[in-house]
Amino acid sequence: MTLLLLTVCFLLGPAHIQGTEEASEEVVPVLYYWTDFWLFRLSLNLLGYATIFVPGYLLIRHLRRIKYNEVAGPGCISNFAVLCVFGKEPHISLEEGGLKSSSTASSQQDKPFAKRALRLLACVAGLQISYLTWGVLQERIMTIAYGQADLDKGEFFKDSQFLVFINRILAFIMALVVIMVRKQPPHTAPLYKYSFSSFSNIMSSWCQYEALKFVSFPTQVLAKASKVIPVMLMGKVVSKKTYQYHEYVTAVMISMGLFMFLLTSGDVTRHKDSVTTTSGLIMLIGYMLFDSFTSNWQGELFTQYKMSSIQMMAGVNLFSCLLTSVSLIEQGGFIDSAAFMLRHPDFIMDAVLLSICSASGQLFIFYTISQYGAVVFVIIMTVRQGFAILLSCLIYGHPVTAIGGFGIFILFVALFLRIYATQRQRSLKKKVAVSQSAAGGQKV
């Protein structure tokens, strides 16, 4: 299998292996380049995940075939197996759950305006600080060599999967703490269903980190902002969703803005060879496809099982920790990353801060959506994306031309138009619903 992977990397990655003129003059074992190629490392990661998914699939298929939930005993192992494969029956009615959620929403509306405004400002500050810091650290870790000196070029950190692991394990711990402190609704979903969004979440994060080796951070942020198109396509595939006219118009505007930026703005990357464009494009496409599936699949789980956002956060991060840890153990990733930490202690602080920002950002996301709605959250994160590009250009000196800047302007105008049209459409639907209910009451 390893020989096959090396052959594929040889066919697809010769330009990457050539590198810069300085690197080509150095005498380095050829095998080092093959094993450092992203396709080789991705294949090893997938093989590691397969050691969990293949036995898990066979076990789930067997338990479903014998209807294990009908014959399982009262033991802890039996109950855990039933929870993983079949889930639990809900113990409260939908009416009770609806009354609880509606009372929570109404209590939020009944709070004084000043108190709500202060909490909203706290959410804005938390999201901006968490994800702006996370973006700067992400670019620092993946694009800047550690240990640079006068006669030492330093070395880059290469294992993106390790960064995904430390982010997810801290987010899982924080979710568990919230679950223990704050009462949650009964959990009814089969645990294995979290593994699908967990895998896609891992892969989107991996592609996101790897992309920074081939494209600049502003380009990556703009790709994130333009992921509305793959999200719409994935929504049609996964959830059979339909979209309004304004959604297609704004999607085209977003594509145009991104196209203008990418064609006119210079890109500062780790690699200057011809594979940069191809590999960077593959990474960005992979990120958007996996991330689009993640949000749509989680939306389906929310609709079907009515779990809380914190329960979703815990379930997804649980499988993410399991998958990444097994793959890292098989590849020796923990040992290599620990050795890198010993050689470069400043990496430890960057990695810890990155994980804290990622985990705390997830908590702010869930709280903001639950208290103020998705529209307010999207507005906050859209502003954050603009600040992220500005910070990256200022700190790392990424060039942006006038046409590229105008493309950024078109992109964010399209995002805000989309938010406004969506909010207006919801308001019209509410008015129609109220008028219809009032008309029905008069008839009665």
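Colleague: How many aromatic pairs does the count come to?

Modeller: The count comes to 16 aromatic pairs, where rings of Phe, Tyr and Trp (its six-membered ring) pair if their centres lie within 6.5 Å, and planes under 30 degrees apart count as stacked, over 60 as edge-to-face and the rest as tilted. This is a predicted model, in which local features need pLDDT of at least 70 and side-chain atom pairs count only at pLDDT 80 or more, while totals for chains, interfaces and linings use all residues. Residues are numbered from 1 along each chain as its sequence is written, and side-chain values use heavy atoms, with hydrogens and water left out.

Colleague: Why is the pair of Y49 and F199 called edge-to-face?

Modeller: The ring centres of Y49 and F199 are 5.9 Å apart and the planes stand at 85 degrees, so the pair is edge-to-face.

Colleague: Why does Y49 count as buried, and why does F199 count as partly exposed?

Modeller: Buried means under 20% relative accessible area, exposed over 50%, and partly exposed in between (1.4 Å probe, protein chains only). Y49 has 1% relative accessibility and therefore counts as buried, whereas F199, at 23%, counts as partly exposed.

Colleague: Why is S320 called buried?

Modeller: S320 has 0% relative accessibility, so this residue too counts as buried.

Colleague: What makes the link between S320 and S198 a polar contact?

Modeller: A polar contact is a pair of N or O atoms within 3.5 Å; within protein, one must be able to donate a hydrogen and the other to accept it, and residues adjacent in sequence count only if both atoms are side-chain atoms. The side chains of S320 and S198 are joined at 2.8 Å, as a polar contact.
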